[in-house]
Amino acid sequence: MLKIALSDDQELFIESLCALFANTGGEVEVIWTARSGEETLEKVREQKPDVLVLDYFFKGKTLDGGETCRLLLEEFPDLGVLLLSVSCEMTVIRDALQKGARGYASKDISKGELLRGIRAVAQGEYFLDQTSMKETIQFITSAQPQLQPKPPKSLLTPRELDVAQPYAMGKSVREIAETLFISEDTVESHIKNIRSKTNATSRYEAGEWLKKNELWIGH
C-alpha cells in the first residue's frame with residue numbers, strides 16, 4: 001500500500017482527493033493532510049509519506065508549494081513530490097522540476113492519470129500529465145531555444161480568459177465561481193495568474209489589457 005500525504009489550501013479539493021483515494025481498493029492510503037507549507041514541513045518531519053501531493057500555489061501563506069518542495073527535498077532528498085497546479089505554463093513546470101519535484105500535473109487531471117503519476121513518483125520515476133507533457137513537448141520542439149513571451153491570445157489559458165473579463169467588469173469572486181461552476185479558491189488562483197501574466201494591478205488594468213489585445217468580448 002502506498003502511503004501518501006495531501007497538502008493544499010483548498011479544503012474542498014483536499015476532501016475530493018481523500019474521497020477519490022478511499023476508492024482505490026486499498027492501493028493508496030492518505031496518512032495526513034495539510035493546509036500550508038509550514039504545516040507540511042512539520043508533518044513530513046513527523047511522518048514521511050511515500051509520495052507528497054502538493055499544491056504549487058498556496059494562497060496567502062509564507063511558503064508557496066515550490067519553495068516548500070525545495071526545503072523538503074533539502075532535508076528529505078528521497079521524498080517523492082508530485083506538484084499539482086491550475087497552471088501548466090512551461091515556466092511553472094520548469095520551476096517545479098528544478099526545485100526537485102518528480103511529478104507535475106494540472107488540477108484537472110483524471111483519477112486514473114493521477115494514480116499513475118503517484119505510482120511513478122513512488123518508484124523514483126518522473127511524471128507529467130498529458131496537459132503538462134503537451135506544453136513541454138511544444139517547448140522542446142519549438143524553433144526558439146529560450147522561453148519566449150507568448151502572444152497575447154495564448155498568454156492566458158482558456159479558463160483564465162473565462163475569468164478575466166468578468167473580473168475586469170467588476171464581478172465578485174463568488175459571482176464568477178457560480179457562473180463557471182468552479183470554486184471561489186480556483187477563481188482567486190486564476191485572478192492571481194491573470195494579474196501576474198498581464199502585469200495588471202487592478203481590474204481596470206486587466207480590462208485595458210484585454211481590450212488592447214482584442215480579447216474583450218462585446219462592448
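Before anything else, a word on naming: helices are DSSP runs of H or I with at least four residues, strands are DSSP runs of E with at least two, and both are numbered from the N terminus. What we have here is a predicted model, in which local features need pLDDT of at least 70 and side-chain atom pairs count only at pLDDT 80 or more, while totals for chains, interfaces and linings use all residues. Residues are numbered from 1 along each chain as its sequence is written, and side-chain values use heavy atoms, with hydrogens and water left out.

Let me start with helix α1, residues 11-21, where Phe-13, Ile-14, Leu-17, Leu-20 and Phe-21 are buried, buried being under 20% relative accessible area, exposed over 50% and partly exposed in between, with a 1.4 Å probe and protein chains only. Looking down the axis of α1, these buried residues fall within an arc of 125°, so they line one face of the helix; the arc is that of the directions from the helix axis to the C-beta atoms. Their cover includes the strands β1 (2-7), β2 (28-34) and β4 (80-85), together with helix α5 (111-122).

Next, what is the angle at which α9 and α10 pack? Helix α9, residues 173-180, and helix α10, residues 184-198, pack at about 110°, with their axes 9 Å apart, where axes are lines fitted to C-alpha atoms, for helices over the stretch in contact, and angles run from 0 to 180 degrees between N-to-C directions. That makes α9 roughly perpendicular to α10, a term for angles of 65 to 115 degrees, with under 35 counting as roughly parallel, over 145 as roughly antiparallel and the rest as oblique. On the α9 side, Val-173, Arg-174, Ile-176 and Ala-177 meet Glu-184, Val-187, Glu-188 and Ile-191 of α10, contact meaning heavy atoms within 4.5 Å.

In the loop between α9 and α10 we find Phe-181, whose phi is near 60°, a positive value in a residue other than glycine. Phe-181 counts as exposed, at 76% relative accessibility. Glu-214, in the segment after α11 (203-212), likewise is not a glycine and has a positive phi of about 55°; Glu-214 is exposed, with a relative accessible area of 66%.

Finally, Tyr-126 sits in the loop between α5 and β6 (127-128) and is exposed, at 63% relative accessible area. Leaving aside residues up to four places away in sequence, Tyr-126 touches Leu-97, Ala-101, Arg-102 and Ala-120.
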